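Me: I would like to learn how to read a protein model. Please take the features one at a time.

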Amino acid sequence: MAQKQQPMLSPHLPWKVRLLLSIHSFAVNNSLNSNGTVNRTFLNLFDLKSSPSKNPINGVKSFDITVDPSRELWFRLYTPTTTTTTATSLPIIIYFHGGGFILMAANSNLFDKFCRRLAREIPSIIVSVNYRLAPEHKYPCQYEDGFDVLKFIDEENLEHFPQNANLKQCFLAGDSAGGNIAHHVALKASESKFLKLRVTGLIALQPFFGGEERTESENKLDRAPALKVEHTDWFWKAFLPEGSNRDHATANVFGPNSVDISRVNFPATIVFVGGFDPLQDWQKKYYEGLHKAGKEAYLIEYENAFHSFYVFPDFPEHSLMIREVRDFVQKQSCK
């Protein structure tokens with residue numbers, strides 16, 4: 001009798017990707033303390049940073065703009081510089097980096113390179129937000145920072161902001177925890193009035209949602225590349241208010257404590273899901289919740305993708321994702 005083949009629990013990865021994921025796992029494993037604190041000195045040894053570049057790199061220049069120095073709130077502005085893009089009205093993508101609300105920054109190497117590619121290939125103006133991190137700054141600091149950047153862009157006349165930036169075609173985007181932030185900032189924006197800015201769409205790259213229930217993908221892929229379930233539990237505890245559990249409306253956005261968004265003017269949303277991401281079931285629930293609430297939503301699934309695949313250009317699905325984002329932005333910008 002032939003033996004039943006066991007399901008593969010990890011994708012085949014290019015060696016560069018495997019190496020970077022191993023370094024990331026080592027850094028995270030040795031930075032999250034049992035008492036709920038983070039060893040940032042050790043963690044920062046592995047989180048290499050990139051400086052802004054007024055001189056274009058691969059057709060994109062960047063500047064850092066301070067929003068509020070008292071809380072170190074700033075963003076990195078990426079502007080494509082080719083003749084075609086400088087002569088054309090471009091959409092704005094306000095981007096929130098991932099890292100479980102705990103890790104990374106807008107100037108982290110991986111996100112700097114990723115945002116440059118988005119700016120060049122969509123093409124678009126990218127605003128990459130450097131928000132405060134937990135556990136030093138718990139909920140709702142990250143959402144407040146994100147929304148305040150929207151208000152800042154809407155109300156200020158910024159020196160380095162390009163003249164061809166179309167504030168009526170503004171997209172919120174984020175990966176992992178950044179996708180969660182983008183969702184909640186979109187909710188806040190839908191209840192607010194802006195002078196010039198209009199939120200047109202939401203791009204959720206493997207967004208970080210959860211709940212007390214253990215899903216099938218969490219049980220099956222709890223030791224998957226890049227993200228372990230024990231770490232997601234740690235992240236939620238470090239981020240959520242004291243005494244809360246993972247069914248808090250912040251985490252379980254369509255769960256028992258969620259807010260009804262059926263009457264909210266929520267933007268069209270595209271959700272990316274990976275077949276080797278333990279969070280995939282929560283991401284699919286998010287997509288389904290948007291649909292049930294009557295919102296325009298699209299689901300893109302890559303069966304071989306692991307959590308955070310989007311920042312690794314050597315991974316084949318990276319380029320597929322870029323094309324899907326470009327098509328979504330162009331479609332929503334034409335409305």
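The dialogue below goes through the sheet, a hairpin, some backbone angles and a surface patch.

Me: What should I know before starting?

Reply: This is a predicted model, in which local features need pLDDT of at least 70, side-chain atom pairs count only at pLDDT 80 or more, and totals for chains, interfaces and linings use all residues. Residues are numbered from 1 along each chain as its sequence is written, and side-chain values use heavy atoms, with hydrogens and water left out.

Me: How many strands are in the sheet, and in which order do they come?

Reply: Strands (E, at least two residues) and helices (H or I, at least four) are DSSP runs, numbered from the N terminus. Two strands pair if DSSP finds at least two bridges between them. Here eight strands form an open sheet with mixed pairing, in the order 1-2-4-3-5-6-7-8. Strand 1 (60–68) and strand 8 (297–306) are the edge strands, each pairing on one side only. From one strand to the next, the twist averages 20°.

Me: Which strand pairs can I look at, and in what sense do they run?

Reply: Strand 3 (residues 90–96) and strand 5 (residues 165–175) are joined by seven bridges in the parallel sense; there, I92 stands opposite C170 of strand 5. Strand 1 and strand 2 pair over eight bridges in the antiparallel sense. D68 has L73 in strand 2 as its bridge partner.

Me: Which helices touch the sheet?

Reply: Contact means heavy atoms within 4.5 Å. For directions, axes are lines fitted to C-alpha atoms, for helices over the stretch in contact, and angles run from 0 to 180 degrees between N-to-C directions. Helix 5 (residues 141–155) packs on the sheet, and its direction makes about 55° with that of strand 2. Helix 6 (residues 177–190) lies across strand 3, strand 5 and strand 6, at about 135° to strand 5.

Me: Is S333 buried or exposed, and what does S333 touch?

Reply: Buried means under 20% relative accessible area, exposed over 50%, and partly exposed in between (1.4 Å probe, protein chains only). S333, in helix 10 (residues 316–333), counts as buried because its relative accessibility is 17%. Leaving aside residues up to four places away in sequence, S333 touches P91, Q169 and F171.

Me: What is worth checking along the backbone?

Reply: Most residues other than glycine have a negative phi, and most peptide bonds are trans. In this model, E72 has a positive phi near 55° and sits in the loop between strand 1 and strand 2, a hairpin with four residues between the strands. E72 counts as exposed, at 61% relative accessibility. A226 has a phi near 80°, but A226 is buried, at 17%. The peptide bond from A134 to P135 is cis, with omega near 0°, and the one from Y139 to P140 is cis, with omega near 5°. P135 is in the loop between strand 4 and helix 5, and P140 is also in the loop between strand 4 and helix 5.

Me: Which residues form the nonpolar patch on the surface?

Reply: Patches are made of residues with over 30% relative accessible area and no salt bridge; like charges are joined within 9 Å, nonpolar side chains (Val, Leu, Ile, Met, Phe, Trp, Tyr) within 5 Å. A salt bridge is a side-chain nitrogen of Lys or Arg within 4 Å of a carboxyl oxygen of Asp or Glu. Accessible areas come from the Shrake-Rupley method with a 1.4 Å probe; for residues, only the protein chains shown count as cover. The patch consists of W15, L19, L20, I23, F26, L45 and F46, with about 700 Å² of accessible area together. L19, in helix 1 (residues 15–29), is partly exposed at 45%.
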